[in-house]
Amino acid sequence: MLRLRRLVGGRAVVGPNLSHPWSSVAAVRIAKHTARRIALAAQGFEPGFAPRSVPTMRSVQKVIDRVRLLQIDSVNVVTRSQYLPVFARIGPYDRALLDRARDATPRRLVETWAHEASLVPPDVWPLLRYRHASERTVGRVASFESRHPGTLDRIRTELAGLPPVTARELEAALEHDQVVEKTHWGWNWSAVKEGLEVLFRLGEVTSAGRTQQFERLYAPTVAVLGDVPAVPPTEALAELTRQSARAVGIGSPRCIRDYFRLSTAEAAPAIAAMRASGELLDVEVPDWPGPVYLHADALRPRRIDARVLLSPFDPVVWQRERAEALFDFRYRIEIYTPRHKRVHGYYVLPFLFGDRIVARCDVKADRAAATLLVHSTTWEPECRSPESEAALEQTVAEMAGWLDLESYRFA
C-alpha cells in the first residue's frame with residue numbers, strides 16, 4: 001500500500017496510509033505522478049475498474065456512479081460527447097445502453113444544467129433545484145413573460161396533455177389549437193423554444209430523452225421524475241461539494257467547485273467543513289499552487305494502465321489549470337476558433353497512455369466513407385515512442401470498430 005511523505009517541522013517523514021487523516025499535520029507532500037494516478041483513479045481509470053469483457057448496463061452504471069455527470073454537446077464530429085467518457089472507461093459498449101439509461105424507466109440519468117448541459121443521476125437533480133430560484137433564472141422568466149405574456153401558461157397546459165415532444169412538435173400543437181379556436185397565433189418558433197428553455201431552467205420541465213437528430217424531448221418534470229422533494233440549499237451545496245471532491249480525488253478548491261459549477265461562496269463552507277472533519281486533507285503537489293486537497297477515501301494506485309482518447313468534455317481535461325498542473329498539458333478546445341487560428345485542429349482528443357497525456361489527435365468520423373480519420377497527431381515532448389505509437393493505433397482501431405466504421409486512417 002502506498003505510503004506518502006508528510007511534512008513535520010519542515011522535514012519529510014514517512015507517514016501511514018491516508019485512510020486515517022493526520023489532523024495534526026499541516027500538509028502532505030505528494031509527487032506529481034502520484035497525484036495524477038489519484039486523479040485518474042477517482043475518475044475510473046484504476047486497474048480493474050472495468051475489465052474489458054462485453055460491457056453491460058452494470059458497467060455503464062459503474063461509470064455513472066463514479067463520474068456523477070456526463071457533459072452534453074451537440075458537436076457530432078466523432079460521436080456525441082456524452083458517449084465518449086463511458087467508452088474511455090469501459091471500452092467498446094453498446095451506445096444504446098446509455099440512451100436507455102437516459103430514456104427508459106427506471107431512469108439512471110436525467111438531463112439538467114450541472115457542469116454545463118449534462119446528464120446526471122436522478123438523485124443529483126434535486127441537489128440542483130436551488131438554482132431554479134436564482135436571480136438569473138427569475139430575471140429570465142420575468143423578461144420572457146414581459147415579451148410573451150401568457151405563453152408559459154399555454155405551454156404548461158399543452159405539455160400536460162401530450163407525450164414527450166420536441167419544440168417543433170409543441171409549436172405545431174399550439175398552432176393547431178389556436179387555429180381550432182379561430183384566434184390569431186402570434187408566437188413563432190423561437191418564442192416556443194425559448195419558453196420551453198425557461199421552464200427547463202425553472203425545473204418545471206425536463207428532458208425525457210433525445211431524438212436521433214439530438215432534439216430534446218420535453219415533458220413536465222413530475223412525469224419524468226415524479227414528485228421530487230426540495231433539498232435545503234445549504235444541504236444541497238454540501239452534498240454537491242462532497243460528490244465533487246470524491247470525483248476529482250485530488251484538486252484545488254477551484255477543481256472541486258468547478259465540477260458542478262459552484263461559486264466560491266457556495267463551495268467554501270462545505271470545503272471548510274470537510275477539512276475540519278478530516279474528509280479533505282491538505283496536500284502539496286510540485287508546480288501546483290496551493291491550496292490543494294486530497295479526499296481521505298481517494299484510491300492511490302501504484303500504476304494506471306490507461307490507453308484511451310479523451311473527449312474534449314471529459315472531466316479529466318475540462319478544466320485548463322488542472323490539466324496543466326497534473327499533466328503538464330496545455331489544452332484549449334478549438335471548435336469555436338476560426339480555422340486559420342487553430343493550432344492542433346478542430347475536434348482534438350487528448351491521448352491518455354498510462355498516467356500521462358502523451359499526444360493529441362484531430363479526429364473525424366467520415367461516415368460516408370465508413371472511416372475514422374486522424375487528420376493530425378501532435379506528440380507531447382519526449383512522449384513519442386514505438387510503444388506509444390502502437391498504443392495509439394490500437395486505440396484508434398478500437399474506436400473505429402466501436403463507431404461501426406470499417407477502417408481508420410492516419411493522415
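Reader: On what basis are the values given?

Author: The model is predicted; local features need pLDDT of at least 70, side-chain atom pairs count only at pLDDT 80 or more, and totals for chains, interfaces and linings use all residues. Residues are numbered from 1 along each chain as its sequence is written, and side-chain values use heavy atoms, with hydrogens and water left out.

Reader: Which residues of H5 are buried?

Author: Buried means under 20% relative accessible area, exposed over 50%, and partly exposed in between (1.4 Å probe, protein chains only). Helices are DSSP runs of H or I with at least four residues, and strands are runs of E with at least two, numbered from the N terminus. In H5, residues 135–147, the buried residues are Thr137, Val141 and Phe144. They lie on the same side of H5, because their arc around the axis (taken from the directions from the helix axis to the C-beta atoms) is only 70°. On the other side, Glu135, Arg136 and Ser146 are exposed.

Reader: How many salt bridges does a search of the whole structure find?

Author: Side chains of opposite charge can pair when their charged atoms come close. A salt bridge is a side-chain nitrogen of Lys or Arg within 4 Å of a carboxyl oxygen of Asp or Glu. The search finds 29. In one of them, glutamate 46 pairs with arginine 66, with the closest N and O atoms 3.1 Å apart. Glutamate 46 is in the loop between helices H1 and H2, and arginine 66 is in helix H2. Glutamate 46 is buried at 13% relative accessibility, whereas arginine 66 is partly exposed at 23%.
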